[in-house]
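Hello,

Here is the structure we discussed handing over. Please look it over; my notes follow below.

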Amino acid sequence: MAAGGPRGSWVLALLVVAQVSGEFGVVRVFPEKGGGGGGGGGGKDYCILFNSQWAHLPHDLGKASPLALQDQTASVLCAASEVPEGGFGNAVPMVMRGNCTFYEKVRLAQVNGARGLLIVSKERLVPPAGNRTQYEEIDIPVALLSYADMLDIGQSFGRSAKVAMYAPGEPVLDYNMVIIFVMAVGTVAIGGYWAGSRDVKKRYMKHKRDDGAEKQEDETVDVTPVMIGVFVVMCCSMLVLLYYFYDQLVYAIIGIFCLAASIGLYSCLSPFVRRFPLGKCRIPSNNWPYFHKRPQVRMLLLAAFCIAVSLVWGLFRNEDQWAWVLQDALGIAFCLYMLKTIRLPTFKGCTLLLLVLFVYDVFFVFITPYLTRTGESIMVEVAAGPTNSSTREKLPMVLKVPRLNFSPLALCDRPFSLLGFGDILVPGLLVAYCHRFDIQVQSSRVYFVACTIGYGVGLLATFAALAWMRKGQPALLYLVPCTLLTSLLVALWRRELATFWTGSGFAKELPHPPLVVSPVSCSAPPKGGDPPASHPEADGEAAASAVPPREPTSTPLGPEGEEEPRAPFLEVEKEAKEEETDTAEPQPNQPLTQLPQGEAPDDPLKDNAQGHPSPPAEHAPSG
């Protein structure tokens, strides 16, 4: 019982601990002889981080009282001996962080007449924490200021300056949401369409020669329920490890992203590069790894370009002015590559994956704040970077766009809106499945269009919830119902739910386009001889026997009993043949087949449409 008591109280304290809510604000500094509040007299803004549970700051600079700033950075204000004679006299002291708690500093400042407190930190800014009793005792604002800003204040204003602290409100929605919406919906639509088209195209490329990179590019991975379970366990484990060992693992994640993004960019650009007429020559024969397959020069140049783009982003990833453009481009290419490579063969598998990740997303966003000491969501903390991280690195697995609305808070380290790759890939796999099913049943892409629209509606619902709750939202909470229910309703409306659920027919070969047998011409007469004489009746019988009877071909029927149209498959087959012709190259020094003496080569006109030689015609006996 004694052993269980402290443990039970610890769990209770963990569940009821007050959440440390850090908010960004602005401190306006201006010369002491300059204007007052409102920013006159050559004032300058600096970013601060405060905790509104100590004391609230006004939202408007005009309502903030200008107070004298006292530079006390020579002390940490942890003992009464560090308080100057006569106290602080309705001023705002600026002291260094360390040696005692935030509560001890702010209590000494308040008792000695301070109207606020600025704590200078050489480390990453963290919210000044306390408990409920301490919050009720203190009624002056306390905020953290970076060491670099403290040095700039000293150089710009000297030791005589006034300050006004305020917390400007941010706009509920920003124009960058439109950019994120277009990028996300466009990636899902293009990736789903491309995945379905490539899946159908590969069914007709039966005799494609082994061409190294070209063959590897067309490989896909079918996801099974076991793979889904392993994937979710790995996601949970990696997220928890990142939460506790962020500084040690963040560089490994950045390196993996650079490698995967370069592969994805190569996969997206290679179809366009193959259309260029230049650089088709291949490198000489060699025994080097990968190069022994003799890749084309243009593909080697493309691979070097993709690697260079990834390396440039990796070296300048913290440049907020332009590095986000490269990160978004690499991220979109990575998502398109994953949508093309990973395939869910059934709607049952799609439902299982989306529902499991739905629970995963909701748990790590809404439930984990009650299980962590700081009261922060593990998902949000890892995605935005832990506040106590010494590396100040951010995970690159997000699309990020800077805020376009002007706000004083742009000074702070929070100018971007983020959308994770998982919020694109997970619903995108369902969109790709819908496109493949459209091609199977010839439904004019009704499933594909409906699921894409459902994804867009779910993303808009995510933005609305973000503006309403003003906190990080699990996007899958809105995307999964919108995409799954939309696809399910379309299948019910078309009375194809059973086929749509099991994905019947994806493992089978799609029907071939109808064959047209060209007429067979008469063989040329032997050289130097006269054609054999024959009667017209005999010639007619010989011609009839020269063409074998055409066997009836079975035509697949649609759900209503009519013949299914096959025109789209002709286009796919034509495109596949063009690519096969483009990548094919005659092999040098290929020996010619020698025929027996006196035997002529086969006439190509005798081959039927299926590529097999026709049986020899029975000549009528001459008169």
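Leaving aside neighbours within four places in sequence, Phe 500 is in contact (heavy atoms within 4.5 Å) with Phe 347, Tyr 433, Cys 434, Phe 437, Tyr 447, Ser 487 and Ala 491. Phe 500 also belongs to the largest nonpolar core, which has 77 residues. Ile 424, Leu 430, Tyr 455, Leu 459 and Phe 500 touch the most other members. Helix α8 gives the most to this core, 11 residues. A second, separate core has 23 residues, including Val 27, Val 92, Val 120 and Met 165. A core here is a set of buried Ala, Val, Leu, Ile, Met, Phe, Trp, Tyr and Cys residues joined through side-chain atoms within 4.5 Å. Buried means under 20% relative accessible area, exposed over 50%, partly exposed in between (1.4 Å probe, protein chains only).

The model is predicted: local features need pLDDT of at least 70, side-chain atom pairs count only at pLDDT 80 or more, and totals for chains, interfaces and linings use all residues. Residues are numbered from 1 along each chain as its sequence is written, and side-chain values use heavy atoms, leaving out hydrogens and water.

Next, α11 (residues 347-367). Helices are DSSP runs (H or I, at least four residues), numbered from the N terminus. Its buried residues include Phe 347, Leu 353, Leu 357 and Phe 364. Their cover includes α7, α12, α13, α15 and α16.

Finally, Phe 245 lies in the loop between α7 (225-244) and α8 (246-273). Phe 245 is partly exposed, at 45% relative accessible area.

Best regards

Note on methods
Helices (H or I, at least four residues) and strands (E, at least two) are DSSP runs, numbered from the N terminus. The expected span of a helix is 1.5 Å times one less than its number of residues.
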